[in-house]
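Work through the exercises below with the sequence and the model at hand. Each task is followed by a solution in steps.

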Amino acid sequence: MNDIRRLLDYAALDREIWDEELENFVPRKIFDAHTHLWNKAFSKDANPPNDWENYNTGLKELQDISSLFYPGRKIHFLSFPSPVRNTDHKGVSEWAAEELAQDKDSRGAMLLSPEISAADIESFISRHANCVALKPYFSMVDKKMPSITEYFPEEQMEVANAWKMPVIIHLPGVAENLLAELEYYSSKYPEIKWIMAHCAASFESGQIDRTIKMLADIPNIFYDSALIYDTETLKSLFVHENRKRIIFGSDNALVIGGCRRNVSFKFHGRELKIFRIYGELIAIRNAFRNLEISSEETENFFSRNAETLLRRYR
Ligand SMILES: [Zn+2]
């Protein structure tokens, strides 16, 4: 864990922020439902475009990151390979499934690119009972704002529907055509459980309200909180959505997602840049305090909702 502390440059001041702001808020048990695993051995790029691709994140690293950020908590994960395009996608998912199998309470999702066939998906999920979800990703295609079926073809949706699987879907942006498309396919494939990553990509304040309204009629919609540090977005979600459909996620992996330090926070009169995961947790705490969310609902958000959604089905 000391290596990870050094690598992330986690300092005494970071621990003070945890102790003063979060220790009394974050429950003892956490199911972190948006995390990434990565192993550069599966990359086809000799010179990867992103520096973080040089750092491997296996289950052990994910556990160490979490023990550092959430000290003293019992932690399990939903995890999936980082969506790097020029990669052996099937290979990296096989490796990730085996990493996660070392913890019987953690779950995996198969990383998809549009070329992966229905037969390949069925073969994979048949062999890995711990992989209960699918993870298509918009950056697997060349377009800037692809439609959902361009990166998650119907052939793949059919498998998800037949197996009643959760699908973690990251929208390339908040756009009416994408939300309408999602509404259409959710009624065509009613058994899919759609987990909207990053609160349906509602990174900016005010975006979430329109999304919630548009998606309100979809019965199988869930939201993860990964990288949302806007208290108002989280408040809107908890006021207007079914609270059993909102799950905690950090986007942690070395040295990306929640492990990046770029959220502004005033602490003891000093303007600091804090880790994104702490920015997110502080925003969640502020929203929950404001709405007087009960401790039972807090525990549901941090672990039970995801555990129920990601139960093994075989
Ligand atoms: Zn992510």
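**Exercise 1: helix H7**

Find the buried residues of helix H7 (residues 154-162) and state which elements they pack against.

Step 1. Gln156, Met157, Val159 and Ala160 are the buried residues of H7. Buried means that 20 or more other C-beta atoms, placed from the backbone, lie within 10 Å of the residue's own. Helices are DSSP runs of H or I with at least four residues, strands are E runs of at least two, and both are numbered from the N terminus.

Step 2. These four lie on the same side of H7, because they cover an arc of only 160° around the axis, taken from the directions from the helix axis to the C-beta atoms.

Step 3. Their packing partners are helix H5 (118-127), strand E4 (131-135), strand E5 (166-169) and helix H8 (176-188). Contact requires C-beta atoms within 7 Å.

Step 4. Just after H7, Lys164 has a positive phi of about 55°.

The model is predicted: local features need pLDDT of at least 70 and side-chain atom pairs 80 or more, while totals for chains, interfaces and linings use all residues. Numbering starts from 1 along each chain as its sequence is written.

**Exercise 2: the core**

Identify the residues that touch the most other members of the largest nonpolar core.

Step 1. A nonpolar core joins buried Ala, Val, Leu, Ile, Met, Phe, Trp, Tyr and Cys residues through C-beta atoms within 7 Å.

Step 2. Of its 90 residues, Met110, Ala133, Val167, Trp194 and Met196 touch the most other members. Helix H12 (residues 276-291) gives the most to this core, with 8 residues.

Step 3. Beyond its neighbours within four places in sequence, Met110 contacts residues including Ile121, Phe124 and Leu134.

Conventions. A residue is buried if 20 or more other C-beta atoms lie within 10 Å of its own, exposed if 12 or fewer, and partly exposed in between; C-beta atoms are placed from the backbone. Two residues are in contact if their C-beta atoms, placed from the backbone, lie within 7 Å.
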